[in-house]
Amino acid sequence: FGPNMTRWANFHNWNKRYIPTKNFYQCKALPNSLNQEYDMFFAGSDQIWNSSTMYIDPMYYLRFAPAYKRVALAPSFGRDFVADYNVEKMSKWIGEFASLSVREDSGVKLIKDMTGRDAINLVDPTLMVDGETWKKNLGVEDKNTNYILAYFLDKPSDSARRAIAELKESLACEVIAIPYQFDEMDYCDKVVPTGPVEFLDLIYNAKCVLTDSFHGTAFSINLHTPFYVFARDYGSAHSQNSRVESILKKMNMQDRFEPNEVSQKYSQIDFNMSEEVLKAERTKARDYLKAALNDIQRHEK
């Protein structure tokens, strides 16, 4: 029962307890009764609208649902451009949504350029719920721990490795890593395979989080854990850092990106300011959803 299986079991237990789902793998397999069963359909978060993918999945554009019930809930393009070979189909499918929102500033422009429509910029859905609610519902509590958390979706850059080593020495603590792959992990003292509950617990109780992940950044902000973000090495692929840069700009935390020095400044974050921003963003998201539902109800009268 290795680390990959442990991680799989953690996610399976999470799904079973918190979000039991119905699985449909092809649009043609969806029952016609869905339209009567649900008031609206969401397409939301992360890179479901990846703009350079070689296959545009109709499920991610809710092609099975009536157009007037299709609501985009802060999806991400992952990039600040749309590949030429995807423009025609993405323009059509996105343009047919009843309500449009997106997660990055660059995404608002992409939708305008492709469809001529105005999309609203919303925070990621994980931030639409405050940190206290996350902790309460998942049973995450304060612990007497002394570690920094390294969460990287690719091999950490040289600057990230220097920051990890510098903080480890400065704080006299161990380095725990959430692995994306279970090799080349020499920058940490311990590897912990996680599911959602373990993920939140590790972020909340860390002295500092070092990451190249959008959601590592988002949950650090939401749980008020000091953090630093590092650019991910995408090799020959196009950069996806626009997602991280957009949220840091919104929270006025641009100084947390690729720091020159970390040991003395790691905890100097004004989370009161980010909470004020998030409070307004949560109201904005609720208003967006209420307006979308009202539009659907008016359509059905």
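How many aromatic pairs does a search of the whole structure find? I ran that search on what is a predicted model, and it returned 12 aromatic pairs.

**Entry: Phe-41 and Phe-64.** I looked up this pair and noted ring centres 5.6 Å apart with planes at 85°, which makes the pair edge-to-face, because planes over 60 degrees apart are counted that way. I then placed the two residues: Phe-41 belongs to strand β1 (residues 41-44), while Phe-64 is in the loop between β1 and β2 (70-73), so the pair ties together parts that are 23 residues apart in sequence. For accessibility I wrote down that Phe-41 is buried, at a relative accessible area of 8%, whereas Phe-64 is partly exposed, at 28%.

**Entry: Phe-152 and Phe-230.** Here I found the ring centres 6.3 Å apart and the planes at 40°, so I recorded the pair as tilted. Phe-152 sits in the loop between β5 (147-151) and α6 (158-171), and Phe-230 in the loop between β9 (227-229) and α9 (242-250), so this pair ties together parts that are 78 residues apart in sequence. I noted Phe-152 as buried, with a relative accessible area of 3%, and Phe-230 as buried also, with 1%.

**Entry: Arg-256.** Turning to charges over rings, I found the charged end of Arg-256 over the ring of Phe-227, 5.9 Å from the ring centre. I also found Arg-256 over the face of Tyr-228, where the distance to the ring centre is 4.2 Å.

Terms used: Residues are numbered from 1 along each chain as its sequence is written. This is a predicted model: local features need pLDDT of at least 70, side-chain atom pairs count only at pLDDT 80 or more; totals for chains, interfaces and linings use all residues. Side-chain values use heavy atoms; hydrogens and water are left out. Rings of Phe, Tyr and Trp (its six-membered ring) pair if their centres lie within 6.5 Å; planes under 30 degrees apart count as stacked, over 60 as edge-to-face and the rest as tilted. Helices (H or I, at least four residues) and strands (E, at least two) are DSSP runs, numbered from the N terminus. Buried means under 20% relative accessible area, exposed over 50%, partly exposed in between (1.4 Å probe, protein chains only). A charge sits over a ring if NZ of Lys or CZ of Arg is within 6 Å of the ring centre and within 35 degrees of the ring normal.
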